[in-house]
Amino acid sequence: MKKRVFSGVQPSGNLHIGNYLGALKNWVEIQGEYESIWGIVDLHAVTVYQDPAELRSKVLETAALFMAVGLDPKQSAIMAQSSVPEHAELAWMLTCVTPVGWLERMTQYKAKALAQETVGDGLLQYPVLMAADILLYQAAIVPVGDDQAQHLELTRDIAQRFNSLYGETFVMPATHLPIVGSRVMGLDEPDKKMSKSTTGAGHAIALLDPIDQARKKIMRATTDSNPAVDFAALGAGVENLLNIFQAFSGWTSEKMRGHFHGMRYGDLKKQVAEMVIANLEPLQKRYREIMAEPGYVDSVLKEGAERVSPFAKSTVRLVKERMGLYTEA
Ligand code: AQP
């Protein structure tokens with residue numbers, strides 16, 4: 001029997017090349033190897049306020065982008081988290097075994113809480129919901145970007161605590177990071193992770209950015225005062241551009257060094273822009289085709305939720321039995 005994999009993206013803004021290189025590209029590569037479940041994690045998105053109409057349309061846009069990058073709904077279940085109620089149900093049960101101190105230590109919580117006037121309880125609970133997403137399907141691996149590694153460690157801690165309190169219940173999920181592209185940095189501020197919620201015009205390349213705009217953002221990316229690429233002393237901005245190129249191209253580090261060492265920054269940027277655009281163009285074409293088919297994306301989400309629902313129900317039943325909660329005979 002194939003092992004199971006789960007991962008998700010929040011429909012909280014415009015998906016960018018960081019989401020693609022850190023997560024989605026990996027998903028496409030492994031979807032045939034595992035029983036694959038890919039979630040549009042809308043319950044996570046609402047841990048900070050989202051405009052309701054915008055959120056609804058972003059769920060569909062994200063699902064269409066999943067398919068445009070190559071996720072195949074025949075091989076993989078593509079589903080919206082909120083349409084499988086067991087995610088929230090299991091999250092509550094896991095909340096009850098999770099010490100608050102573990103959650104308060106999470107770096108993403110600390111960073112996001114600072115940006116809010118009022119911190120909702122959901123923001124603190126975010127990693128417990130993420131643990132529930134993963135443990136609900138007894139996923140053996142979880143392919144994510146580097147920023148989620150801490151949440152994955154916490155997921156294993158929660159699973160272990162549950163198993164030791166109530167007996168072996170959960171599979172321990174392994175973190176699966178891409179070798180290159182696990183942390184794409186902002187083009188304008190290369191010391192900060194490229195992020196959906198950072199609004200600077202030159203910060204991120206969205207997967208659906210108009211091609212000219214994407215090119216301009218790369219040409220204006222922050223570098224440093226050196227004139228040309230020096231692998232012995234790479235500044236953060238140049239390193240980020242090289243990483244983006246390498247992650248898209250699949251070139252070895254040796255080939256990268258041979259090709260780019262000594263190249264002037266202007267030429268480096270042109271080549272990075274061409275590489276990014278060569279990947280964005282076909283993806284955007286597929287996206288437009290998918291969105292042009294009335295009702296198609298909804299039908300994929302419906303079918304995905306129906307496919308995963310029996311796993312979700314059986315895990316919740318098992319957890320309820322383990323905890324002594326009432327289950328119908
Ligand atoms: N910059 C990045 N480099 C590599 N991987 C990244 N991921 C996110 N940013 C980068 C990975 O993409 C997947 C989905 O991320 P998410 O939607 O759950 O949320 P996020 O990590 O919070 O993404 P953003 O873009 O930073 O959104 P904000 O900050 O607005 O909530 C995950 O696997 C993530 O690791």
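A residue is called buried when its relative accessible area is under 20%, exposed when it is over 50%, and partly exposed in between, using a 1.4 Å probe and protein chains only. By this rule R215 is partly exposed, with a relative accessible area of 28%. The model is predicted: local features need pLDDT of at least 70, side-chain atom pairs count only at pLDDT 80 or more, and totals for chains, interfaces and linings use all residues. Residues are numbered from 1 along each chain as its sequence is written, and side-chain values use heavy atoms, leaving out hydrogens and water.

**Domains and their interface**

- The protein is divided into domain 1 (4-177 + 294-323) and domain 2 (211-289), with bounds that come from an automatic or database domain assignment.
- The centres of the two domains, taken over C-alpha atoms, are separated by 31 Å.
- Nine residues from domain 1 and seven residues from domain 2 take part in the contact, where contact means heavy atoms within 4.5 Å.
- Domain 1 and domain 2 bury about 790 Å² between them, 78% of it on carbon and sulfur atoms; buried area is the accessible area (1.4 Å probe) that two parts lose on being put together, summed over both.
- In domain 1, the residues that lose the most area to domain 2 are I17, L21 and A68, together 56% of what that side buries.
- Two residue pairs are in polar contact between the domains, both at pLDDT 80 or more.
- A polar contact is a pair of N or O atoms within 3.5 Å; within protein, one must be able to donate a hydrogen and the other to accept it, and residues adjacent in sequence count only if both atoms are side-chain atoms.
- On the side of domain 1 that touches domain 2, α1 (17-30) and α3 (52-69) are the elements that give two or more residues, and α3 gives the most, with five residues.
- Helices (H or I, at least four residues) and strands (E, at least two) are DSSP runs, numbered from the N terminus.

**Salt bridges**

- A salt bridge is a side-chain nitrogen of Lys or Arg within 4 Å of a carboxyl oxygen of Asp or Glu; the whole structure has 14 salt bridges, while the interface of domain 1 and domain 2 has zero.
- Side chains of opposite charge can pair when their charged atoms come close.
- K217 and D209 form a salt bridge whose closest N and O atoms are 2.6 Å apart; K217 is buried at 13% relative accessibility, and D209 is buried at 9%.
- E189 and K192 meet through their side chains in a salt bridge (2.8 Å, N to O); E189 is partly exposed at 28%, as is K192 at 43%.
- R215 and D212 form a salt bridge (3.6 Å, N to O), and both lie in helix α9 (residues 211-219), three residues apart, about one turn of the helix.
- D212 is exposed, with a relative accessible area of 51%; salt bridges that share partners join D212, R215 and E274 into one network.

**Two buried residues**

- S7 belongs to strand β1 (residues 4-9) and is buried, with a relative accessible area of 2%.
- A polar atom of the S7 side chain lies 2.8 Å from the backbone oxygen of P143.
- Beyond its neighbours within four places in sequence, S7 is in contact with W27, I37, W38, G39, V142, P143 and V144.
- Q138, in the loop between α7 (121-136) and β4 (141-143), is buried at 19% relative accessibility.
- Although Q138 is not a glycine, it has a positive phi of about 50°; most residues other than glycine have a negative phi.
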